[in-house]
Amino acid sequence: MSRQSNSTTDFLSRTPRKGSPREKALRACITDERLATYNYEAQRRSCPALELYLWDHDMASACMGDIAILEVALRNRMDRQLSLLALEQNGTEDWYMAGLQFDDRTQYQIREAWNHLTPHQRKNHTHGHLIASLTFGFWRNLLEDGGTIHTKWPDQRRADYENDLWRKGLDKTFSNGRQYARAVEERWTRKYALDIVKNSACPA
């Protein structure tokens, strides 16, 4: 028997039959408090809350592929700009060891990524392996203001990502950013770029 192709049928086909073993198993894994957040919309649509929960799960899963692509693109573009900055200032493309003014959090994340590399990775193509080990949050944090840098206790100062990173090349990560901001009548700034990255990585 042919299956209807409309979205409603596809949507309902993923919902387990009420009282079935699968439905019972799902309900055992999902708390009543969690499902309660879907009750209002479920009543408005005259469908089970579990149905909306599963749809929400499917949408989140579908978005993860796009987010993964975004992460790789952002990582590679920011890595390139940081490499050019380090090359200009210190003669090396290995920006993570070129003396750039990173705050304590950024330095800690770099050390953690380094510690996760194997001895072989540290000796061969170190740059690429390290960059791939840094999380999405690391790259997003470089678009923030910059936090505390502890030099020699108790002395400390603050990193200035606006002037030391953004204005010295990191803004070029977003090649069409200025045009995009102008099109929506916004001002192209580091904080505006940060908002775009945050919103892209956190779909509603």
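Which side chain meets that of E93 in a salt bridge? In this predicted model, the partner of E93 is R80, and the two side chains are joined at 3.6 Å, N to O. The pair links distant parts of the chain, since E93 belongs to the loop between helix 5 and helix 6 while R80 sits in helix 5, 13 residues apart.

In total, 7 salt bridges were counted. Another of them joins E162 to R167 at 2.9 Å, N to O; here E162 counts as buried at 18% relative accessibility, whereas R167, at 60%, counts as exposed. The side chain of E162 also meets that of R190 in a salt bridge of 2.7 Å, N to O. Because R190 lies in helix 12 and E162 in helix 10, this pair ties together parts that are 28 residues apart in sequence. R190 is buried, with a relative accessibility of 6%, and through shared partners D145, E162, R167 and R190 form one network of salt bridges.

Turning to the nonpolar residues, the largest core comprises 34 residues, within which W95, W139 and L142 have the most contacts. Among the elements that give two or more residues to this core are helix 5, helix 6, helix 10 and helix 12, and the largest share, 5 residues, comes from helix 5. When neighbours within four places in sequence are left aside, W139 is in contact with several residues, including L74, M78, L82, W95 and I131. Apart from this core lies another, of 10 residues, among them A42, C47, L50 and Y53.

How values were computed. Residues numbered from 1 in each chain as written. Predicted model: local features only at pLDDT ≥ 70, side-chain atom pairs only at ≥ 80, totals over all residues. Heavy atoms only, no water. Core = buried A, V, L, I, M, F, W, Y, C linked by side-chain atoms within 4.5 Å. Buried < 20%, exposed > 50% of the residue type's maximum accessible area, 1.4 Å probe, protein only. Helix = DSSP H or I, 4+ residues; strand = E, 2+ residues; numbered from the N terminus. Contact = heavy atoms within 4.5 Å. Salt bridge = Lys/Arg side-chain N within 4 Å of Asp/Glu carboxyl O.
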